[in-house]
Amino acid sequence: MQPIEEQYIDAAVRHAHIQWIPDDECYWASTMRPACGSIAGESPTHCQERLREFLRGWIRQALENGWRIPPIDGISLHPERRDGA
């Protein structure tokens, strides 16, 4: 079984919007949850890999700073919220 952080990142990547941008000649992946961001890449897979890196860094920073990380698809990174509390 994957660690909860990787399950969370998988869920966030599933919600990302990836599209080809002809003027830029690259793919763009954008996400609104948990953090708003856009990533450029050579392929949809490259965008997903870069988005995962971005999200790992954002989650690390959020946990260090006590920021609220919204649940995605019922997955919470706040232990006190995992049991419905």
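Start by selecting Ser-76, which sits in the loop between α2 and α3 (79–82); helices (H or I, at least four residues) and strands (E, at least two) are DSSP runs numbered from the N terminus. Ser-76 has a relative accessible area of 9% and is therefore buried (under 20% relative accessible area; exposed is over 50%, partly exposed in between, with a 1.4 Å probe and protein chains only).

The model is predicted, with local features requiring pLDDT of at least 70 and side-chain atom pairs pLDDT 80 or more, while totals for chains, interfaces and linings use all residues. Residues are numbered from 1 along each chain as its sequence is written, and side-chain values use heavy atoms, without hydrogens and water.

Next, select the sheet. Its three strands are antiparallel and form an open sheet in the order β1-β2-β3; two strands pair if DSSP finds at least two bridges between them. β1 (17–21) and β3 (37–41) each have a single partner strand, so one side of each lacks a neighbour in the sheet.

Show β1 with β2 (residues 26–31): five bridges link these antiparallel strands. Here Trp-20 has Tyr-27 in β2 as its bridge partner.

Move on to β2 and β3, which are joined by a hairpin of five residues and by five bridges, running antiparallel. Trp-28 is opposite Ala-40 in β3.

Finally, colour β3 by face. Gly-37, Ile-39 and Gly-41 make up the covered face, and Ser-38 and Ala-40 the uncovered one. In a regular strand, side chains alternate between the two faces of the sheet.
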